[in-house]
Amino acid sequence: MLRLDGGRISLRWRPRTAVVCLLLTAACLVVGALGLTTGAYRVPLSGVLACLLGHGSAADSFIVTDLRLPRLVCALLAGGALGMSGAVFQSMSRNPLGSPDIVGFTSGAATGAVAQIVLFHGGPYATALAAMGGGLVTALVVGLVAAGRGPAVGHRVVLVGIGVSAMLTSLTAYLLTRASLYEAQDAQIWLIGSLNSVTWSVVAPLALALAVLVPVTVLCARALDWLELGEDTARGLGVPVGRARLVAAIAATALAAATTAAVGPITFVALAAPHLCRPLVRSPGALVVPSGAMGALLLSASDFAAGRVLPGTELPVGALTGVLGGLYLCRLLLARRRAART
């Protein structure tokens, strides 16, 4: 127990969850070490450590600290944010398809960014703010249209989100047809989702946003665990259902929007991360922290693979996660279909 102002705050200790999070963190370190040491210009691990300590050569320091390290840190932060966001949405909707890219929030962020690029010719920071605004507005629209009570709320959110996403995708395509060649190329590269040109100027705002949003999301996890038992049960246990849902939804939407603003729409990481960590943890609840660790591993490993799938070509990580995520979504739908028949 921890004491605060004479009161007590209880913390649940789940050894298996802690072990899984440690193993996922270790896997992220391994992927990070491979990403920093390998590539067209190889740097030994001792050279990487020297660069991190400020003692490396000028060439090694430029490759490691200016090119590879911000890309790795951004992949870990963005993947962790997407994994946590997906865990919150799946818990709140009680639907395995409840993730920000499926229900349209990522599409809203993408439309906001493209509108800023094409119509207002904004720079990187204006584009990032437009992406966050687009994601939050889309979340508000989906929430208002799908509002209601009962077990069907989660299904309504997914269905409404898919419809809104389709409309926003069409709007984005129309905006691209009205853009100049340069603007269309700039927007299209951003729409794929890429870490290829990430610098510390991109990492810093994302890290600042996550420093605020991650603690809020983690604190909401306990309320989400009770909400999975049903709203009436949660109210009986003293959980402020309306406020808990609102805070969790805003935090999860902001996590997805901040990530999209930084690196573009990275698909299916938010969907897959909670599903992949659940059989490892074997524990009920939202699993916000394990999903964040799994998301960080998925995106960093995908980015590492994207640069090595085709020799001499660096694929945008969004293209790789889209292909793998599409296959995973098909597998998930087939599994649900088989379960429904039995």
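Analyst: In this predicted model, the protein chain carries 24 positive and 12 negative side chains, and 13 Å separates the centres of the two sets. With that background on charge, we may turn to the cysteines.

The number of disulfides comes to zero. A disulfide requires two cysteine sulfur atoms within 2.5 Å, and two residues illustrate how this test is applied. For Cys28, the closest cysteine sulfur belongs to Cys21 and lies 11 Å away, so the distance is too far for a bond. For Cys277, the closest cysteine sulfur is again that of Cys21. Here the separation is 8.1 Å, which is also too far for a bond.

The surroundings of these two residues can be described as well. Residues under 20% relative accessible area are classed as buried. Cys28 is buried because its relative accessible area is 11%. Cys277 has a relative accessibility of 0%, and therefore counts as buried too.

These residues belong to a chain with 13 helices and two strands. Its radius of gyration is 21 Å, close to the 20 Å that the globule rule gives for 342 residues, so the chain is as compact as a globular protein of that length. Along the principal axes, the C-alpha atoms fill a box of roughly 60 × 55 × 50 Å. Of the 342 residues, 49% are buried. Among contacts with a separation of 6 or more, 74% are between residues 24 or more positions apart. The chain exposes about 17,000 Å², of which carbon and sulfur atoms supply 70%.

Two further residues give a view of local detail. Gln116 is located in helix 4, which spans residues 105-120. With a relative accessibility of 16%, Gln116 counts as buried. Leaving aside residues up to four places away in sequence, Gln116 touches His121, Gly122, Ala126, Thr127 and Ala130.

Phe268, by contrast in setting, is found in the loop between helix 10 (241-263) and helix 11 (269-281). Its phi is positive, at about 75°, although Phe268 is not a glycine. Phe268 has a relative accessibility of 17% and so counts as buried.

To return to the request, the chain has zero disulfides. The sulfur of Cys28 is too far from its closest cysteine sulfur for a bond, and the sulfur of Cys277 is likewise too far from its own.

Definitions and conventions. Residues are numbered from 1 along each chain as its sequence is written. This is a predicted model: local features need pLDDT of at least 70, side-chain atom pairs count only at pLDDT 80 or more; totals for chains, interfaces and linings use all residues. Side-chain values use heavy atoms; hydrogens and water are left out. Helices (H or I, at least four residues) and strands (E, at least two) are DSSP runs, numbered from the N terminus. The radius of gyration is taken over C-alpha atoms; the globule rule is 2.2 Å times the number of residues to the power 0.38. Buried means under 20% relative accessible area, exposed over 50%, partly exposed in between (1.4 Å probe, protein chains only). Contact means heavy atoms within 4.5 Å. Accessible areas come from the Shrake-Rupley method with a 1.4 Å probe; for residues, only the protein chains shown count as cover. Lys and Arg count as positive and Asp and Glu as negative; His and the chain ends are not counted. The place of a charge is taken as NZ of Lys, CZ of Arg, CG of Asp or CD of Glu.
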